[in-house]
Amino acid sequence: MDYQQLAKRIVQRAKRKGARQAEAFLEVGRQSSVRVHEGQIEDLTQSTSKGVGVRVVLKDRLGFAYTSDFEPSAVDHIVDQALKLAEFSAPSKLNGLPSGKDLGRFGDTGLLFDTKVAELPGDWKIKTALEVEKAARAEDSRIIAFNGVGAGDYVSEVYMASSEGVTGAYSGTYVYLYAAPVASDGKGLQTGHWMDYRRFLDDLDGPETIGREATRRAVRMLGARRVKTQQVPVLFDPQVAASFVSDVAGAADGNAVYQKASLLAPLLGKRLAGAHVTLVDDGLMPRGVATAPFDGEGVPTRRTPIIEQGVLKSFLYDAFTARKAKARTTGNAARGYNGLPAIGTSNLYLEPGTQTPEALLRDVDSGFYVTALLGHGTDPVTGELSAGANGLWIDKGELTHAVQEVTVAGNLLQMLKDLDGIGSDLQFRSGAVGAPTVRFRQLTVSGE
């Protein structure tokens, strides 16, 4: 089936039936995954999916409907359904598709599709997942079980057409490995987790690397204890730093800013951090997991610095929120075929610094290296962070004993000011949010 033609046909039908504007967003995908346990296959799944969402604007009223049935009668039915829903929805001058100045030529994404991933034999996942489990077990005899070990791949295609002149398509591949071993020293249990998630098979860490690192992370937490309540320098490892980066981006969400539900709302153009801090959302990053030529409504993606050299430069917008806020869309509409666009990030990352993680540690006499934060992260309205934390104590620049059952507390704005060290080890470990190791001058660690 020619999906691009189908998208165009949907738009033409909606226009013929009276829509002022119309858009079709179509997705086709197939995925497979395996979980293994004790050298056996625990779970093997393969699935395909497809669907199309139709958005229409009729006299300032918005209608939306979707289907996974591509038979001509079913497709015609959802176009009519979207138009009918529009007739009953409340009118708003803000309703409309992106047009004119917000559209244009798509940027260069580079390759997004890896034929090696698309043509992976079915037994590759099984064999590789079993190798991950074997490597994790062999690394340390204290591994007694696994919360999960697996592998998977995913191939997706996106097609789009709109009455405003958008026509576009792209396809992409994804492949991943993960392990979550459980370690015991006879007195207590600790879990570790490690994964890699890539577009290209050649970029993916090998099964031995995944298994060994997962085990290392579980075993190093054995004997964890609480520490006294104190204010000390705190380092976040790249995975925890990535969740902090997500919190900052959440506060830069244009809708939250418009509703005054973000502490960043009054701070555009103001200095938030040192000149070494640059936070970027980049929809065109080479080989990025979230790289695409256009966003969920056909707007070309781009590189948007949220914080540039310490200064708050931009909020993130989709077309509707931008219209509301009298701003311009930044190409950050995220969606699936079965929902309306909403603001989302693409490849979001904190630019790396020049120091190694070891160099960041060396300068700390006494402090806390956080490897997991438990809980909800930062409140975007107040900026308050208070979360359970696990990690390792730093003594005279060295990682020493494991720490758990403590709370780390701080405030987003103060943390940005106190971000005094950024490592050179930028990682995109579990998808489209990346960060290096970061160091904060001081946070409150609450324990005993």
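The model is predicted: local features need pLDDT of at least 70, side-chain atom pairs count only at pLDDT 80 or more, and totals for chains, interfaces and linings use all residues. Residues are numbered from 1 along each chain as its sequence is written, and side-chain values use heavy atoms, leaving out hydrogens and water.

I start with the sheet. Five strands form it, open and with mixed pairing, in the order β11-β10-β9-β14-β19. Strands are DSSP runs of E, at least two residues, and helices are runs of H or I, at least four, numbered from the N terminus; two strands pair if DSSP finds at least two bridges between them. β11 (311-312) and β19 (433-434) each have a single partner strand, so one side of each has no neighbour in the sheet. Strands β9 (279-282) and β14 (348-350) run antiparallel and are joined by three bridges.

Next, the annotation. The UniProt record, an unreviewed entry, places "domain: Metalloprotease TldD/E N-terminal" at residues 22-86; such annotations may be inferred rather than shown by experiment. That stretch is 23% helix and 65% strand, with its end C-alpha atoms 11 Å apart.

Last, R198, in strand β7 (194-198). V117 lies 81 residues from R198 in sequence and 9.9 Å away in space, C-alpha to C-alpha.
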